[in-house]
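Visitor: I would like a close look at a single part of this model. Please take the residue I am about to ask for, and then the surroundings you can describe.

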Amino acid sequence: KKAAAYANYDLGVLPIEKRDAIAAVCDEILAGQLNDEFPLVIWQTGSGTQSNMNVNEVIANRAQVLKGFNIGEGEQFIKANDDVNKSQSSNDTFPTGMHIAAYKMIVETTIPGVEKLQATLSAKAKEFKDVVKIGRTHLMDATPLTLGQEISGYAAQLSFGLKALKNTLAHLSEIALGGTAVGTGLNTPKGYDVKVAEYIAKFTNHPFVTAENKFEALAAHDAIVETHGALKQLAVSLNKIANDVRMLASGPRSGIGEIHIP
């Protein structure tokens, strides 16, 4: 909503005082100051209309309060539909929000966490490169290998998982905003889709761009599915690694007890 307000102002369809009022409330929302104003459950229409209108109305009403009025008092300074939702539809705002949320979580939390684990496992693989142990096939004794070699397999799994996840980010960075209701961009000023994506990239510090094909961006969630597939790969790898470590650390008296974990 903040990016939309800035883009609408730049393109001459929203006054600066309205842009700044919308932006001020958006900053309060981002800071978590208005969390109680969003009581909706996740069970709603597929387009997220309720959530979109909830945000529009909170911004409009809060802007009225910041201007010195009570809600419903005096002439409405910011209108939920005409101002806050200008150049938008639930059909493009909600998928855009989904992409921003997923991208930020993956880039800021998931990838750094997995990279740290992968680096730790790589270091352990080198540390234990000369520790010879028995290999196993279906828990039966097999030929020897080193503990470092075994752990290097775990590190490689995570490297491939990270590669797969990073390969999905380009598609996930494409946003639907600017497509409005059905992907045609009806009721948006010329250049709005590119401009609003630039502001979203600026405000989030992530390389979001307008979707090349808005019809795909609105009508499907293939980018989310693609990213989910990569996350599933990582999850399976992490589960396998955890189960192996748990088994190898079992005991210590009556289990395998080959390794010790804190």
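Is Gln 64 buried or exposed?

Guide: The model is a predicted one. In it, Gln 64 has a relative accessible area of 0%, so this residue is buried, the cut-off being under 20%. Gln 64 is part of helix H3, which covers residues 49-66. Apart from neighbours within four places in sequence, the residues in contact with Gln 64 are Phe 69, Asn 70, Glu 73, Gly 74, Glu 75, Gln 76, Phe 77 and Ile 78.

Leu 139 sits in the loop that joins strand E1 (132-137) to strand E2 (140-146). Between the C-alpha atoms of Leu 139 and Phe 203 there are 52 Å, with 64 residues separating the two along the chain.

Helix H1 (residues 2-10) and helix H8 (residues 192-204) have axes that come within 8 Å and cross at roughly 130°. The two helices are therefore oblique to each other, and their crossing is right-handed. By class, the contact of H1 with H8 has 9 nonpolar, 1 polar and 3 charged residues.

H1 also packs against helix H2 (residues 16-30), at an angle of about 165° and with the axes 9 Å apart. H1 is therefore roughly antiparallel to H2, and the crossing of this pair is left-handed. From H1, the residues in the contact are Lys 2, Ala 5, Tyr 6 and Tyr 9, and from H2 they are Ile 16, Arg 19, Ile 22, Ala 23, Cys 26 and Asp 27. The contact of H1 with H2 divides into 7 nonpolar, no polar and 3 charged residues.

As for the annotation, an unreviewed UniProt entry lists residues 1-262 as "domain: Fumarate lyase N-terminal". Over residues 1-262, the chain is 60% helix and 6% strand, and the end C-alpha atoms lie 47 Å apart.

Note on methods: Residues are numbered from 1 along each chain as its sequence is written. This is a predicted model: local features need pLDDT of at least 70, side-chain atom pairs count only at pLDDT 80 or more; totals for chains, interfaces and linings use all residues. Side-chain values use heavy atoms; hydrogens and water are left out. Axes are lines fitted to C-alpha atoms, for helices over the stretch in contact, and angles run from 0 to 180 degrees between N-to-C directions. Helices (H or I, at least four residues) and strands (E, at least two) are DSSP runs, numbered from the N terminus. Angles under 35 degrees count as roughly parallel, over 145 as roughly antiparallel, 65 to 115 as roughly perpendicular and the rest as oblique. A crossing is left-handed if the near helix is turned anticlockwise from the far one by less than a right angle, and right-handed if clockwise. Ala, Val, Leu, Ile, Met, Phe, Trp, Tyr, Cys and Pro count as nonpolar, Asp, Glu, Lys and Arg as charged, and the others, Gly among them, as polar. UniProt positions are given in the numbering used here, feature names are shortened, and annotations may be inferred rather than shown by experiment. Buried means under 20% relative accessible area, exposed over 50%, partly exposed in between (1.4 Å probe, protein chains only). Contact means heavy atoms within 4.5 Å.
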